Amino acid sequence: MTGLVTKAEDLQILDLAKEIEIAASIDLVFESLLEQMGPYCQTADGDPMPMIVEQWPGGRWYRDLGANAGWCWGHVQVIEPPARLEIWGPHFLQYPAVTHSQYLLREHDGLTLLKFHYGVMGLLKDEDRASVSRCDLMHRVRAMAESRSGRK
């Protein structure tokens, strides 16, 4: 039997932290986060890719393709509405890797600070590093929440 042998030095770690201020209430931002990760999720190219986030500890974050087909992107590790959401799992990676994403929200003076921390360990590809570092999701959350709040 032959196979690919991976050495410890082939493993990579990506540790990304970003934050963004949003002119909306913490409740609107958390709701927008769940919707952007769920029914309004989209690819980096802007194509619709509806997902489901089961909003309880252990709940799945997945894409339902119907007929018992789909992709499980992760599981809810922590959910404390409207201040915290953590997801762990493979996310969009289709190779050996484990990820953890954390969204922390704090409201102050009419603004909500959304902090994002993303960690990955595995056999990473350069295009995946670039995709994550753009943080498209955070910008879509801000646009949705601010649009709903009527403030910018």
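This is a predicted model: local features need pLDDT of at least 70, side-chain atom pairs count only at pLDDT 80 or more; totals for chains, interfaces and linings use all residues.

Me: What is the order of the elements from the N terminus on?
Reply: They run β-α-β-β-β-β-β-β-α-α. The protein has 3 helices and 7 strands.

Me: Why is Thr112 called buried?
Reply: Its relative accessibility is 1%. Buried means under 20%. Thr112 therefore counts as buried.

Me: Where is Thr112, and which residues does it touch?
Reply: Thr112 is in strand β7, residues 111-122. Leaving out residues up to four places away in sequence, Thr112 touches Ile20, Glu21, Ile22, Ala24, Ser25, Ile26, Val29, Leu105, Arg106 and Glu107.

Me: What makes Thr112 and Ala24 a polar contact?
Reply: A polar atom of the Thr112 side chain lies 2.7 Å from the backbone oxygen of Ala24. The cut-off is 3.5 Å, so the distance is within it.

Me: How many salt bridges are there?
Reply: The count comes to 4 salt bridges. Side chains of opposite charge can pair when their charged atoms come close.

Me: Why is the pair Arg148 and Glu31 called a salt bridge?
Reply: The N to O distance between the side chains of Arg148 and Glu31 is 2.9 Å. The rule asks for a side-chain nitrogen of Lys or Arg within 4 Å of a carboxyl oxygen of Asp or Glu. The pair therefore qualifies as a salt bridge.

Me: Which parts of the chain does this pair link?
Reply: It links distant parts. Arg148 is in helix α3, residues 136-149, and Glu31 is in helix α1, residues 26-37. They are 117 residues apart.

Me: Why are Arg148 and Glu31 called partly exposed?
Reply: Arg148 has a relative accessibility of 36%. Glu31 has 37%.

Me: Which residues are linked with Arg148 in a network?
Reply: Glu31, Glu35 and Arg148 are linked in a network of salt bridges.

Me: How do you know that Arg60 and Glu54 form a salt bridge?
Reply: The closest N and O atoms of Arg60 and Glu54 are 2.6 Å apart. The limit is 4 Å, so the pair passes.

Me: Are Arg60 and Glu54 buried or partly exposed?
Reply: Arg60 has a relative accessible area of 36%, so it is partly exposed. Glu54 has 13%. That is under the 20% cut-off, so Glu54 counts as buried.

Me: What makes Glu86 and Arg84 a salt bridge, and is each buried or partly exposed?
Reply: Their closest N and O atoms are 2.6 Å apart, and the limit is 4 Å. Glu86 is buried because its relative accessible area is 5%. Arg84 is partly exposed because its relative accessibility is 27%.

Me: Why is α1 called largely enclosed?
Reply: 9 of its 12 residues are buried, so the rest of the structure largely encloses α1. The buried residues of α1 include Ile26, Val29, Phe30 and Leu33.

Me: How does the span of α1 compare with the expected one?
Reply: From first C-alpha to last, α1 reaches 16 Å.

Me: What about the span of α3, and what follows the helix?
Reply: α3 has 14 residues and reaches 20 Å, close to the expected 20 Å. Just after α3, Gly150 takes a positive phi of about 80°.

Me: Which elements do the buried residues of α3 pack against?
Reply: They pack against β1, α1, β6 and β7. Among these buried residues are Leu137, Met138, Val141 and Met144.

Me: What makes up the largest nonpolar core?
Reply: This core has 36 residues, and those with the most contacts inside it are Ile22, Met37, Leu85, Tyr103 and Leu114. Two or more residues come from each of β1, α1, β4, β5, β6, β7 and α3. The most come from α1, with 6 residues. In soluble globular proteins, nonpolar side chains tend to be buried together.

Me: Which residues does Tyr103 contact?
Reply: Beyond its neighbours within four places in sequence, Tyr103 contacts Leu33, Met37, Ala83, Arg84, Leu85, Leu114, Lys115, Phe116 and Leu137.

Key
Residues are numbered from 1 along each chain as its sequence is written. Side-chain values use heavy atoms; hydrogens and water are left out. Helices (H or I, at least four residues) and strands (E, at least two) are DSSP runs, numbered from the N terminus. Buried means under 20% relative accessible area, exposed over 50%, partly exposed in between (1.4 Å probe, protein chains only). A polar contact is a pair of N or O atoms within 3.5 Å; within protein, one must be able to donate a hydrogen and the other to accept it, and residues adjacent in sequence count only if both atoms are side-chain atoms. Contact means heavy atoms within 4.5 Å. The expected span of a helix is 1.5 Å times one less than its number of residues. A nonpolar core is a set of buried Ala, Val, Leu, Ile, Met, Phe, Trp, Tyr and Cys residues joined through side-chain atoms within 4.5 Å.
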